[in-house]
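Hi,

Here is the structure I promised to pass on. Have a look at it first, and my notes on the sheet and the ligand site follow below.

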Amino acid sequence: MYLGSDALALAPFTNLIAYLEEGDWVVLNRKGASFYDKANQPVQRRAQRVAAGAFLVEKGNHRHFMAKEIYEQPEVVGHTLTQYLDMAAGRVRLPFEGKIDWASLSRLSVSACGTAYYAGLTAKYWFEKLARLPVEIDVASEFRYREAPLPENGLALFVSQSGETADTLACLRYARQEQQTVLSVVNVPTSTIARESDAVAPTMAGPEIGVASTKAFTCQLTALACLALAAARGRGTLSAEQEARHVQSLIALPGLMAKALALEPEIERLARELSKARDVLYLGRGTSYPLALEGALKLKEISYIHAEGYPAGELKHGPIALIDEQMPVIVVAPHDGLFEKTASNMQEVAARGGRIILITDAKGAAECGIEPETTIIMPDMDPAFAAIVYALPIQMIAYQTAVFMGKDVDQPRNLAKSVTVE
Ligand code: M6R
């Protein structure tokens, strides 16, 4: 008998798992487990068999789980899409179709932690632009204590890989207490967050072992993009042709991701340079802004290099003071409607001697108006969901830098995979 905070942690020992409810306690001995509820009354908690081998994960030919998980992304994003798309009809088809009345919503409240929060922040752009649905988003550790007023019959969305994050779970319970419908995007279907939700939007990332989240992030983005399209259809802000076009863009994602992975040799060269930096600044606008935050988090957590993500337009309000010849500035800028604005921010950095690393496409590289120290040229794609593909170079930069520095990328210091305490 074993006790653990996440089914994944128990995978090497058993595939028979019983979940405790809030306030439960348990006595374990060699023969079995006796469960008690918060009133100290004996209760039954049914053990469920987890699919054989679901959690027994090997590194395969990869040096680290993180590398394996980065490379799995075309496949797992493809699997996630199959849950949400009717590819033949060119339509979104949600696994919980009919449970949410998108048209009646006045607002969507989102909360999550870390990388899952950045996925939610990206989705805010999608829900607001495509579905004209106002989104309020907060990190779960703040949301849970600020007693936010929530709209009557509102929808609260939670994003979590593990489905066990304590702060996110506390927000979910607050939302439920406030009579919100609870929708969660989760990777572990038997997790507490999934079990306590009215509707679950699954991600099909499979077990994620590396502490730094990679494939779970892009699967969350994929699921959220589909939810935003479903909301848009439900609210009448998207025509059938527009929906079909977006669905085609989503179907193209796995192929584009495979092309992005082929950029690894260039990223490896860049990582050698970055490993000498003390600080790194990431910039982006629109959906590239959450990616800038995610890039900085990834680099911090596995290489221990200090990094900051900023909306490119905020540069002149403070961080530009940091720019000098030592400071690498990674700019995430697909050639989208905001490119020109980001290019002008890049020129401001260049004028101050900043070392620019530009992640863009061929058009962006041709029109940026400066000569970056390094340009990573991504394949051409529909800018609407480009963030899902641009996440890959961001992850590879952090991974290669940390590997070059000899860090333990799968288990960085001071971090746990599931944060089940406050
Ligand atoms: O399991 P969750 O998605 O709820 O976890 C949230 C964060 O703890 C997690 O994303 C964390 O920020 C990762 N270490 C980021 O790589």
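**The sheet**

Three strands form an open sheet in the order 2-3-4, with antiparallel pairing (strands are DSSP E runs of at least two residues and helices are H or I runs of at least four, both numbered from the N terminus; two strands pair if DSSP finds at least two bridges between them). Strand 2 and strand 4 (42–43) are at the edges with a single partner strand each, so one side of each has no neighbour in the sheet.

Before going on, a word on the source: this is a predicted model, where local features need pLDDT of at least 70 and side-chain atom pairs count only at pLDDT 80 or more, while totals for chains, interfaces and linings use all residues. Residues are numbered from 1 along each chain as its sequence is written, and side-chain values use heavy atoms, with hydrogens and water left out.

Back to the strands: strand 2 (residues 25–29) and strand 3 (residues 32–36) are antiparallel and share 5 bridges, and a hairpin of 2 residues links strand 2 to strand 3. Across that pair, valine 27 is opposite serine 34 in strand 3. Strand 3 and strand 4 also run antiparallel, joined by 2 bridges; here phenylalanine 35 has valine 43 in strand 4 as its bridge partner.

**The ligand site**

The ligand sits in the second largest pocket (on a 1 Å grid over the protein atoms alone, a pocket is an open set of points with protein on both sides within 12 Å along at least five of seven lines; to sit there, a molecule needs more than half of its atoms within 2 Å of the grid points). Helix 4 (114–131) and helix 12 (288–303) are the elements that give two or more residues to the shell around the ligand, and helix 4 has the largest share, 3 residues.

There are 14 residues around the ligand, and Ser160, Gln161, Ser162, Thr165 and Glu301 come nearest (a residue is near if one of its heavy atoms lies within 4 Å).

Which atoms make polar contacts (N or O pairs within 3.5 Å)? The side chain of serine 162 has an N or O atom 2.7 Å from a ligand oxygen. A polar side-chain atom of lysine 298 is 2.9 Å from an oxygen atom of the ligand, and a backbone N or O atom of valine 211 is 3.1 Å from a ligand nitrogen. The protein covers 90% of the 410 Å² of accessible area that the ligand has on its own (Shrake-Rupley, 1.4 Å probe).

Cheers

How values were computed. Polar contact = N/O pair within 3.5 Å; in protein donor to acceptor, adjacent residues only side chain to side chain. 1 Å grid on protein atoms, 1.4 Å probe; cavity = no way out; pocket = protein on both sides within 12 Å on 5 of 7 lines; lining within 4 Å.
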